Amino acid sequence: MKFQLQAQKETPFGIARAGVLELPHGKIETPVFMPVGTLASVKAMLPHELEELGAQIILNNAFHLHLRPGAETVKSAGGLHKFQNWNKPILTDSGGFQVFSLAKIRKVTDEGVHFQSPVDGSKHFFTPESVIELEEALGPDIGMILDDVIALPATFDATAKAMRRSVAWAARAAKHRSRADQSIFGIVQGGLHEELRRECADALVQIGFDGYAIGGLAVGETSDQMDEMVGRVTPMLPPEQPRYLMGVGTPRDLEAGVLRGVDMFDCVLPTRLARHNVAIISAEETSGIAGGFQNLNMLKAVHKNDFSPLDSRCSCFVCQNYSRAYVHHLSKCSEIAGARLLTYHNLWFYQKWMRRLREWILQ
Ligand SMILES: [Zn+2]
């Protein structure tokens with residue numbers, strides 16, 4: 001992996017960056033938003049559509065793919081890229097968060113985490129080493145390490161304990177990796193405690209990773225608290241390496257992260273909202289850099305005879321060819337095409353939003 005910064009811009013909140021990240025399956029212009037394809041499929045989209053709407057890298061989830069179809073199947077298919085017919089970069093999340101949030105029974109020890117599959121109740125054991133092996137078998141361009149995710153709200157002591165266990169796991173993961181063509185990112189934990197975040201960041205940098213993620217945010221704290229913590233963590237990380245804010249967020253959250261020096265984002269929001277009949281569209285706003293946005297509920301009767309596009313300022317395929325009235329009709333009838341059109345437009349909106357932020361930095 002090569003990461004080159006093209007421009008840095010001082011903002012009231014930190015230093016925004018534009019760069020190019022070179023991975024085995026292609027170059028990515030940052031800051032970048034990664035559409036989420038948990039099960040090796042960005043819901044309702046095919047790979048050629050993702051390419052058309054400007055996606056440069058997508059996210060898959062190692063936890064889910066371990067349960068179904070299993071790493072052996074993906075490996076036999078020739079790896080994740082071949083399996084899902086996506087030839088651009090892929091990042092896999094390790095599943096630390098999913099083990100925590102989805103598994104029925106979960107027991108964490110210093111060795112690893114025992115859990116029962118939410119799919120069929122079968123028993124599994126993840127260790128930092130087994131997750132590295134899993135990701136090396138799946139073959140993404142970037143893999144995330146396994147970390148210990150705890151329930152919130154948590155005490156300082158519980159947060160510190162989970163963070164230190166995650167650091168110990170990070171060291172084991174780094175030692176165990178064997179694929180030179182795959183990058184591995186460490187994950188900075190520590191809740192809303194700056195001193196814990198610093199201890200974690202220092203320890204991870206000492207171990208040495210290809211990039212660094214900020215985890216454990218967007219889990220119930222306010223946007224202001226999240227922004228502040230992001231602004232405190234980014235200066236703790238090596239400027240010459242990529243930074244990834246996990247699971248975030250709304251267009252506003254992405255802009256706030258970029259202004260504080262984050263390079264990469266992922267979130268289910270644009271695709272999930274689409275499947276719930278919501279279009280994310282442009283809105284009048286002068287305060288933001290990338291513009292304003294609003295959510296439009298397409299089920300509302302007001303759209304029934306509105307033959308204007310979803311977003312009059314959008315140049316995507318959907319807005320060029322379909323009306324609000326048609327998407328409203330599809331949404332009312334739960335037609336699959338409705339979810340497809342909204343997903344396409346929402347992801348296009350996110351890609352355009354990131355390009356505008358990037359251009360602002362470059363200028
Ligand atoms: Zn559009």
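Q: Where does A40 lie?
A: A40 lies in the loop between β4 and α1 (47–52). Helix and strand names follow DSSP runs numbered from the N terminus (H or I over at least four residues for helices, E over at least two for strands).

Q: What's the phi of A40 like?
A: Positive, about 65°, although A40 is not a glycine. Most residues other than glycine have a negative phi.

Q: Before I go on, what am I looking at?
A: A predicted model, where local features need pLDDT of at least 70 and side-chain atom pairs count only at pLDDT 80 or more, while totals for chains, interfaces and linings use all residues. Residues are numbered from 1 along each chain as its sequence is written, and side-chain values use heavy atoms, with hydrogens and water left out.

Q: OK, peptide bonds. Which one is cis with omega near 0°?
A: The bond from T30 to P31. P31 is in the loop between β3 (26–30) and β4 (32–35).

Q: And which has omega near 5°?
A: R68 to P69, which is also cis. P69 belongs to the loop between α2 and α3 (71–77).

Q: Sheets now. What order do the strands of the 8-stranded one take?
A: β4-β14-β13-β12-β11-β10-β6-β5, in an open sheet with parallel pairing. Strands pair here if DSSP finds at least two bridges between them.

Q: Which strands are at its edges?
A: β4 and β5 (58–61). Each has a single partner strand, so one side of each has no neighbour in the sheet.

Q: How are neighbouring strands turned in it?
A: By 25° against each other on average, direction ignored. Angles run from 0 to 180 degrees between N-to-C directions, using axes fitted to C-alpha atoms, for helices over the stretch in contact.

Q: How many bridges join β4 to β14?
A: 4 of them, with β14 covering residues 264–267 and the two strands running parallel. The bridge partner of M34 in β14 is D266.

Q: Which helix packs on those two strands?
A: α14, which touches β4 and β14, and its direction makes about 160° with that of β4.

Q: What does α8 lie across?
A: β11 (183–188) and β12 (211–214), running at about 160° to β11.

Q: How does α8 pack with α7?
A: Helix α7 (residues 156–176) and helix α8 (residues 194–207) are at an angle of about 5°, with axes 10 Å apart. On the α7 side the residues include F156, M163 and V167, and on the α8 side they include L196, C200 and L204. Contact means heavy atoms within 4.5 Å.

Q: What about α13 and α14?
A: α13 (residues 324–332) packs on α14 (residues 336–362) at about 130°, and the axes are 7 Å apart. Y326, V327, L330 and S331 of α13 touch A337, G338, L341 and L342 of α14.

Q: Over how many bridges do β8 and β9 pair?
A: Over 4, with β8 made of residues 113–116. F115 has H124 as its bridge partner in β9.

Q: How many aromatic pairs are there?
A: 12, counting ring centres within 6.5 Å. For F63 and F126 the centres are 6.3 Å apart and the planes at 90°, so the pair is edge-to-face (over 60 degrees; under 30 would be stacked and the rest tilted). F63 is in helix α2 (residues 62–67) and F126 in strand β9, 63 residues apart.

Technical notes:
Phe/Tyr/Trp six-rings, centres within 6.5 Å; stacked < 30°, edge-to-face > 60°.
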